[in-house]
Amino acid sequence: DVQLQASGGGLVQAGGSLRPSCTASGFTDDAYAIGWFRQAPGKERERISWILIRDGSTVYTDSVKGRFTISRGDAKNTVYLQMNNLKLEDTGVYYCAALWFITSLGPTMAPADRFDAWGRGTQVTVSS
C-alpha cells in the first residue's frame, strides 16, 4: 500500500524560506519519481519540481528555478523541497506525488494527471 505524506509547511514572510518534506512508504523498488505540486485557491494544480529516486536527477519548472531545490534525504523514501526567497504567489497547498515505473526523467516535469499516488498536502502561506 503506497502512501505519501507532505509536511513542514507553514507561515512565512515574503523573502523567507521553508523546507517541507515528503515521506513515501510501500514501494517495493526505486523505479519511481517524486514530484512536488502546489495549488492556490481557485487555481489549477501547478507543477513545481520532481526527482528520480534511483539517481537523484531533477527537473524544475521555470517559475521556481533558482529559488527551490528538490533533494533526497539519506533515506531514499524522503524528499525535501527547499524553498528560498518565497513570494506571495507561492502561497498554496503543497502536495507530493509519486509516479512509478519510471527510470529516467524527461526534459519537463510530467503533469499532475500522470502521477499515480498523492499525499494530502501541507499549507504554505507567504505573507507581506
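## Charges over rings

A charge is taken to sit over a ring if NZ of Lys or CZ of Arg is within 6 Å of the ring centre and within 35 degrees of the ring normal. The charged end of Arg45 meets this description over the ring of Tyr95, 3.9 Å from its centre. Arg19 likewise lies over the face of Tyr80, at 4.0 Å from the ring centre.

## Basis of the values

The model is predicted: local features need pLDDT of at least 70 and side-chain atom pairs count only at pLDDT 80 or more, whereas totals for chains, interfaces and linings use all residues. Residues are numbered from 1 along each chain as its sequence is written, and side-chain values use heavy atoms, with hydrogens and water left out.

## Aromatic pairs

A pair of aromatic rings is described by the distance of the centres and the angle of the planes. Rings of Phe, Tyr and Trp (its six-membered ring) pair if their centres lie within 6.5 Å; planes under 30 degrees apart count as stacked, over 60 as edge-to-face and the rest as tilted. The structure holds eight such pairs. In one of them, Tyr95 and Trp118 are edge-to-face, with 6.3 Å centre to centre and 80° between the planes. This pair links distant parts of the chain, since Tyr95 belongs to strand E9 and Trp118 to strand E10, 23 residues apart. Strands (E, at least two residues) are DSSP runs, numbered from the N terminus.

Trp118 also pairs with Phe115 in a tilted arrangement, at 6.2 Å centre to centre and 55° between the planes. Ring pairs join Phe37, Trp50, Tyr95, Phe115 and Trp118 into a cluster.

## Accessibility within the cluster

Buried means under 20% relative accessible area, exposed over 50%, and partly exposed in between (1.4 Å probe, protein chains only). Phe115 is buried, with a relative accessible area of 7%. Tyr95 is buried at 14%, whereas Trp118 is partly exposed at 28%.

## Positive phi in loops

Asn85 has a phi near 50°, a positive value in a residue other than glycine. Asn85 lies in the loop between strand E8 (78–83) and strand E9 (92–100), and is partly exposed, with a relative accessible area of 37%.

Phe101, also a residue other than glycine, has a positive phi near 60°. Phe101 is found in the loop between E9 and strand E10 (117–118). The residue is exposed, with a relative accessible area of 75%.

Terms used:
Helices (H or I, at least four residues) and strands (E, at least two) are DSSP runs, numbered from the N terminus.
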